[in-house]
Amino acid sequence: MKKAFTLAEVLITLGIIGVVAAITIPSLKAYFFEKQIVSNFKQSYSIINNAIRLMQEEEECQGSGCYDIYKAPEIETIATNIDKHFKYVDKKCFPAGDRKEILSWLPEKTYSLDGSPAIYSTYSIGAKLGADKSGTCYYKLYNGAVIAMTRMNAFSDSGVLNITIDANGKTRPNRVGKDMFPVASFDNYSLMPYYKIHTWSAPDFYKGLCNYLGTNCKADAKSPAAYVLNYGKLPDLEKAGFPKKP
C-alpha cells in the first residue's frame with residue numbers, strides 16, 4: 001500500500017529542492033557564461049587573425065609595415081584591407097574627432113581590467129568611446145561578438161593596430177578580462193594576445209594590463225587574452241587582486 005505524503009513532507013521536499021536550485025543555478029549560469037565567452041573569443045580571434053594574415057599576403061606587407069604607410073589617423077583604409085577577408089553583420093568607422101552617432105549594438109558602459117570605467121578606445125569598446133585622436137572601426141560579427149580596430153596614433157603614424165574583442169557584444173559585464181579582450185597587430189606578428197604598451201604610458205592608460213615590452217608579461221589575469229588562449233578559461237580577476245564586480 002502506497003504511503004500518502006503529508007503536507008509537511010511535501011513542503012520539506014520543495015524546500016530542499018529550492019535550496020539545491022539556489023546553490024546550483026548560479027554555478028550553472030556562470031559555467032555556461034564562461035563557455036560562451038571563451039568559445040566566442042577564440043573563434044573571433046581566429047577570424048581576425050586569419051584575415052590579417054590574408055591581408056598581409058595580398059598587400060605584400062608584414063606587421064607594422066601594413067599600417068604605418070598610412071598617414072595618421074587613417075583607419076578605414078587599414079580596416080577595409082582586413083575586413084574584406086571576413087564576414088560581418090554590420091560595420092561603422094569613425095575618423096578622429098568624429099563621434100556623433102551612437103551605435104545601438106555597442107556597450108553603453110565599459111570597464112577596465114581593474115573594474116573602473118574605461119576611457120580609452122585603444123583597449124575597450126563602448127558606445128561613447130573612440131575617435132578622439134585615433135580613428136576607430138567597429139564590427140558586429142555573426143557569433144554576437146563586437147570588434148573594434150583602432151590605431152595607436154595619438155602622436156605619430158603608428159604601426160600598432162589595436163584590436164579589442166567583446167565576446168558577447170552589448171551584453172554585460174563589458175569588462176576587460178571578463179568578456180572584453182584587447183590584442184594587437186604589430187612588428188612581424190599577425191595578431192598578439194598581449195597588449196603592447198609604450199614605455200612612456202602611465203598606469204592609468206592600461207589599468208594593469210600586461211606590458212609586452214616588460215619582463216613580467218605572462219598568461220595571467222593581467223594579460224586576459226593570452227590567458228584564455230593558453231588555458232581555455234577565464235582568469236580569476238578577484239584572485240588576482242582585482243574587484244569582483246562589475
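The model is predicted, so local features are described only where pLDDT is at least 70 and side-chain atom pairs only at pLDDT 80 or more, while totals for chains, interfaces and linings use all residues. Residues are numbered from 1 along each chain as its sequence is written, and side-chain values use heavy atoms, leaving out hydrogens and water. The score pLDDT is the predictor's confidence in each residue, from 0 to 100. Over the chain it averages 83, and 79% of the residues score at least 70. Confidence is highest in helix 2, with a mean of 96, and lowest in helix 3 (residues 203–206), with a mean of 55. Helices (H or I, at least four residues) and strands (E, at least two) are DSSP runs, numbered from the N terminus.

Five strands make an open sheet in the order 1-2-3-4-5, with antiparallel pairing; two strands pair if DSSP finds at least two bridges between them. Strand 1 (90–94) and strand 5 are the edges and have a single partner strand each, so one side of each lacks a neighbour in the sheet. On average, neighbouring strands are turned by 15 degrees against each other, direction ignored. Axes here are lines fitted to C-alpha atoms, for helices over the stretch in contact, and angles run from 0 to 180 degrees between N-to-C directions. Helix 2 packs on this sheet and touches strand 1, strand 2, strand 3 and strand 4; its direction makes about 30 degrees with that of strand 2. Contact means heavy atoms within 4.5 Å.

Threonine 164 in strand 4 stands opposite alanine 148, and its bridge partner in strand 5 is proline 182. Six bridges join strand 4 to strand 5, and six join strand 3 to strand 4.

Is strand 5 buried or exposed? Six of its six residues are buried, so the strand is largely enclosed by the rest of the structure. Buried means under 20% relative accessible area, exposed over 50%, and partly exposed in between (1.4 Å probe, protein chains only). In a regular strand the side chains alternate between the two faces of the sheet. Here Met180, Pro182 and Ala184 are buried on one side, and Phe181, Val183 and Ser185 on the other.

Next comes the interior. A nonpolar core is a set of buried Ala, Val, Leu, Ile, Met, Phe, Trp, Tyr and Cys residues joined through side-chain atoms within 4.5 Å. The largest one has 34 residues, and Ile82, Met149 and Ile163 have the most contacts inside it. Its largest share, eight residues, comes from helix 1. Another core, of 16 residues, lies apart from it and includes Ala127, Val146, Ala221 and Leu237.

Two polar residues are also buried. Aspartate 83, in helix 2, counts as buried at 6% relative accessibility. Its side chain makes a polar contact with the side chain of lysine 91 (2.7 Å). A polar contact is a pair of N or O atoms within 3.5 Å; within protein, one must be able to donate a hydrogen and the other to accept it, and residues adjacent in sequence count only if both atoms are side-chain atoms. Asparagine 49, in helix 1, is buried at 15% relative accessibility. A polar atom of its side chain lies 3.3 Å from the backbone nitrogen of leucine 191.
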